[in-house]
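The sequence and structure are shown first.

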There are 2 protein chains.
Amino acid sequence: MTEPLQPGSVIGILGGGQLGRMLSVAASRLGYRCHIFEPGAAPAGHVAEVLFTAPYEDEAALRRFAEGVDVITYEFENVPTSALDLLESLKPIRPNRRALAVSQDRISEKAFLNDLGLTTAPWAQVDSEADLRVAAEKIGLPAILKTTRLGYDGKGQARLTSDADIPGAWAAMAGAPAVLEGFVDFEREISVIAARGLDGRVAAYDPGENVHREGILRTTTVPARISAGQRSDAVLLAAKILNALDYVGVMGVELFVTRAGLIVNEIAPRVHNSGHWTQQGCAVDQFEQHIRAVAGLPLGDGARYADVVMENLIGADVEKVPALLEERGVAVHLYGKGAHRPGRKMGHVNRVSG
Amino acid sequence: MTEPLQPGSVIGILGGGQLGRMLSVAASRLGYRCHIFEPGAAPAGHVAEVLFTAPYEDEAALRRFAEGVDVITYEFENVPTSALDLLESLKPIRPNRRALAVSQDRISEKAFLNDLGLTTAPWAQVDSEADLRVAAEKIGLPAILKTTRLGYDGKGQARLTSDADIPGAWAAMAGAPAVLEGFVDFEREISVIAARGLDGRVAAYDPGENVHREGILRTTTVPARISAGQRSDAVLLAAKILNALDYVGVMGVELFVTRAGLIVNEIAPRVHNSGHWTQQGCAVDQFEQHIRAVAGLPLGDGARYADVVMENLIGADVEKVPALLEERGVAVHLYGKGAHRPGRKMGHVNRVSG
């Protein structure tokens, strides 16, 4: 399928969280309908035509889902491989499997980036406590040990500040393959939200400057405080990654800005929290851009026409909503989730100026 | 119910067309879910939690719909009275019945506006061919004869240029009560999209300048080419109407700009096609503003931060979409309808600048 999806076509989305929800809304603006596949609670189902509630192991449900859609995309990178194998035999999956395979495994990701000539934090594969001793010696401490797969928001991670931490850190991996990453002395964190169309054209939004706390994104500010050269380097680097993967869709590329240049922190083969500011600052936001790409439409105009600060509403932050609704120049986006709890992303706001 | 709707609450929308569709999306941004009631095809159902497909005469369906929602609003003013009577006994309806009653009948609307001291086109009630002769004499020709109820997009209308047109024009009404309206010599057409909250506060967007062709809106441009005094007059006039009706929600007020001042053409007790530009030019668009009002939330910031030209895609205009998707600064909004036909609103685009 290389022709654009006709209006009225159906896009299947794996994952029913806030990203799927905002993708579904963007798809509706282009005249498409969305079907969501999600084993758990699915706020995306509030704004989708059909919601499939079933585990990823339910082959019959996966088949019914695939039969009703024209193309499949996803809002998270850890979709089980067996589900992808089945779905791929039935309908196109965009972005492609290679992008998923690379980003599902920290070692594949780093090796892929290094092979492209891009700089990552120093790293070493760790499959035993003995490996960890060698890696700690080579990379130096402090460093952080992470399982190679399925880690997020600080889970499956252990920080090492001295050799005494080695046995405990290795034990925390519970025998899973791991990677030791050195710390990077960075000036700031930025990210590039870039898209590549079915025709191979690439478009990138202006890089945003990110602030994380406790491993979770708090704010993204555009414009980022970077030079014109850094901006151009960041965008070219992202384009290189997308082209190398023959990627179709939106990708988030997180970078550290250092005196020695840009270092790639990680890539996410999907719309990204640090791209939410595009909902207010651009004619075409990252969600519509992703839908355009997977539908085979031309990429849209991502030029920025306003300054924006995006702030996540995490856990009890959502109690600030009544005050935020009164604030001028603020766009509130809530995700339709139930009760808040620590670390749960409940919504975000975009503060617009200029 | 005067407390704001809690997140997760359900808003019922009567009518499942493009206005209901965009209202449902806006409600999702505020964490609400929407249920749609629509007898026919319902593109709003693609982005709503539940769709009820039933005629307005189906009392059981209306009851089930009302039981599942916290408040009821509507996307069109011609909801049958019997359905409203039943629904009102079960859940609050916003905007209120008076706004609907006034706007459902051209004579009620004009009398209401004149009683407020506002100017309308000259008009006369016509219940017979003899009435029409007297009215034509009083108002002068050319003039236009319209049924008092349920007319839209040029239906139920007859134009009179000389006395010879009188018998045919009266026959075209098929015995329905009618109103003869004199023509207004206007410089331009504008509209004010205004909102009133449950707390009585009023907010208005910058007036837009409208171009109609064959009785259908083609473009709205902001800013309108009017003076600061005209702008302020237009907004104050709209506020007067909303306050007089104890209105809750968004209203579209269409005005003629003449040398003698502003003349009210008509009012629509709902979000309005001429307010679609707010999707790109404002932190809070007309759809979210309406949801805020009916949910009892504070009204949002409607300040305009960009110049916008909204253009409707009517009938075969939708074939221009592939080219529009390539155009810079253009946001495309499609309604998810099936085949196009003459006069059918298929979508709109907002061209952003500044």
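In this predicted model, strand S4 of chain A (residues 71-74) directs Val71(A) and Thr73(A) one way and Ile72(A) and Tyr74(A) the other way, and all are buried. Strand S1 of chain A (residues 10-14) runs parallel to S4(A) and is joined to it by 4 bridges. Tyr74(A) of S4(A) has Leu14(A) standing opposite.

In chain B, 4 parallel strands form an open sheet in the order S3-S2-S1-S4. Its edges are strand S3 (50-52) and strand S4 (71-74), each of which pairs on one side only. On average, neighbouring strands of this sheet are turned by 25° against each other, direction ignored. Helix H1 of chain B (residues 18-29) lies across S1 and S2 of that chain, at about 170° to S1(B).

Strand S8 of chain B (residues 178-182) is largely enclosed by the rest of the structure, because 5 of its 5 residues are buried. Ala178(B), Leu180(B) and Gly182(B) point one way from S8(B), while Val179(B) and Glu181(B) point the other way. Two antiparallel pairings involve this strand: one with S5(B) and one with S6(B). In S8(B), Leu180(B) is the bridge partner of Ala124(B), and Val179(B) is that of Lys146(B).

| Strand pair | Sense | Bridges |
|---|---|---|
| S2(B) (residues 33-37) and S3(B) | parallel | 3 bridges |
| S5(B) (residues 123-126) and S8(B) | antiparallel | 4 bridges |
| S6(B) (residues 143-147) and S8(B) | antiparallel | 5 bridges |

Key. Residues numbered from 1 in each chain as written. Chains lettered and ligands numbered in written order. Predicted model: local features only at pLDDT ≥ 70, side-chain atom pairs only at ≥ 80, totals over all residues. Heavy atoms only, no water. Buried < 20%, exposed > 50% of the residue type's maximum accessible area, 1.4 Å probe, protein only. Pairing = 2+ DSSP bridges. Axes fitted to C-alpha atoms, helices over the stretch in contact; angles between N-to-C directions. Contact = heavy atoms within 4.5 Å.
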